[in-house]
Amino acid sequence: MNLTMRSKRLTFEEKGVVVLKGVLDHESALLIQQIITTEIKKYADELACSVADYLASVSRWAHPCTMTSQLYQWVESLLKALASEFIGESVKLHKINIISKSAQADLPVPCHQDIAYSREDPYEFSLWLALQDVGLFDGVLEFLPYSHREKIEPAVDFWFPEFMDNRQTSFLWQHRAIAVPVQMGDAIVFDSRIWHRSALNQSGRDRFALVTRWSRINYQSPTEIPERVPTSFGMWTCAQVTQSLLQRGLEKCFQHPVNADLATYLDLWQQLLIDPGKLPFDVDKLQAKKALKGVFILNHAAAQHNGGDAQGKVYAHLWHCLLHPLSQWLNQFSSSEG
Ligand SMILES: O=C(O)CCC(=O)C(=O)O
C-alpha cells in the first residue's frame, strides 16, 4: 500500500479525522458544481420559487436524487477505490449526500456524532469532499480530535427551536477543537463517532460538499448506539405537530375545518394571511407568510428531490413566527374541551 495513505490512515485511527489532499482535480470539482447548480435551478423552477428561496430552505440532498444519480457510478467506482485504498480493505457505500452552506442558509450545523443518527444503518467513516475552497469564514468544519473514542450520546435534536449548542461554547471545545480549512478537491475523512460541527458561513460564498458514508465490509458497528430522544418540536416531530396545529388553527380561527395533508394546510394558511382581517393572536403576518413558504418549499423538496434542512432553521422559524403564538392561543380551547 502507498505509504502516504498508510500514514493518513494511522492519523485517522488515532485522531478520528484526517485530510486527503487533491482527491479531485479542479476540472472535475467544477463539473460536479455545475451538475449541482443546474439541478438546483430545475428544482426551484419545479416549485415556482427563486433559487435563493429554494436554497434558504433546502441545504442537503440525499441519494437518490437527480444530482446524486449523475455521480453514482463515479462514487461506486473511483471514490470507492480510494476509500478502500485509504482504509486498507474493501468498503461498502452507505449514503451519498450533497450539503450546501450558502448566503441564504449560512448557519452552523451544531456539534454532533454522525453515528447517533444512523442507528438502523451504522457506518464507519465519512469522506467529505470540498467542491469549493473552504476557508475559516466559509462554513469550515470543526472537529474534536480523539473524541471518536468517547461513548456515543443520543442524537442531538438541534431542530428544537430553543436549542443551544452548549458543547460548542464549552471550555473543552473552545480549547481543543480544530477547524479544518480545505481547498477545492480535498477530502476530509472522519470517523462516524467523532464530535464535529460546521461553522457559520460569514463570507456568503457558496460552499458545496459531496459527502459519502462508508464502512469496511466486515465492520462491526458499536452495540451501544443510544435510541433517539425526540423533543416536543424537533427533527422527528415537527412536521406532525405543524400539521396538527395548522389544522386546529384553521378550525378555531377561521371556522374552516379541513381534513388534509401538511402541504394543503401550509398553502391555505399562506392564502389566509394575505387577508387584512385581524388574527385573534399577535403575529407579524409578513414574517409568518415567509416562514410558511419556507416550510412549503422544504416539504415539497423532501418529497420531490430528497431534500432536507441541514441546519434545522426552517421549522424553527415557523415556530417562532406563527406556531408558538398559535399554540398559546389554542391552549384556551384545550382546557375547556379536555
Ligand atoms: O457540511 C456540513 O456543513 C456539515 C457536515 C456534517 O456534519 C456531516 O457530514 O456529518
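Modeller: Gladly, and keep in mind that this is a predicted model. Let's start with helix H2 (residues 26-46) and helix H4 (residues 66-87), whose axes come within 8 Å and cross at roughly 155 degrees.

Colleague: Why is H2 called roughly antiparallel to H4?

Modeller: Angles over 145 degrees count as roughly antiparallel. The crossing angle here is roughly 155 degrees, so H2 is roughly antiparallel to H4.

Colleague: Which residues make the contact?

Modeller: H2 contributes Ile32, Ile35, Ile36, Glu39, Ile40 and Tyr43, while H4 brings Thr66, Met67, Gln70, Leu71 and Trp74. Sorted by class, that contact has 8 nonpolar, 2 polar and 1 charged residues.

Colleague: How do you know that the length of H4 agrees with its 22 residues?

Modeller: At 1.5 Å a residue, H4 should span 32 Å, and its end C-alpha atoms are 29 Å apart, which agrees. H4 also bends by about 45 degrees at valine 75, and Val75 is among the buried residues of this helix, as are Leu71 and Leu79. After H4 comes glycine 88, with a positive phi near 85 degrees.

Colleague: One more label, please: what makes serine 57 buried?

Modeller: Buried means under 20% relative accessible area. Serine 57 has 4%, so the label buried applies. This serine lies in helix H3 (residues 51-57). Leaving aside residues up to four places away in sequence, serine 57 touches Gly294, Ile297, Leu298, Gly308, Asp309 and Val314.

How values were computed
Residues are numbered from 1 along each chain as its sequence is written. This is a predicted model: local features need pLDDT of at least 70, side-chain atom pairs count only at pLDDT 80 or more; totals for chains, interfaces and linings use all residues. Side-chain values use heavy atoms; hydrogens and water are left out. Axes are lines fitted to C-alpha atoms, for helices over the stretch in contact, and angles run from 0 to 180 degrees between N-to-C directions. Helices (H or I, at least four residues) and strands (E, at least two) are DSSP runs, numbered from the N terminus. Angles under 35 degrees count as roughly parallel, over 145 as roughly antiparallel, 65 to 115 as roughly perpendicular and the rest as oblique. Contact means heavy atoms within 4.5 Å. Ala, Val, Leu, Ile, Met, Phe, Trp, Tyr, Cys and Pro count as nonpolar, Asp, Glu, Lys and Arg as charged, and the others, Gly among them, as polar. The expected span of a helix is 1.5 Å times one less than its number of residues. The bend at a residue is the angle between axes fitted to the seven residues ending there and the seven starting there. Buried means under 20% relative accessible area, exposed over 50%, partly exposed in between (1.4 Å probe, protein chains only).
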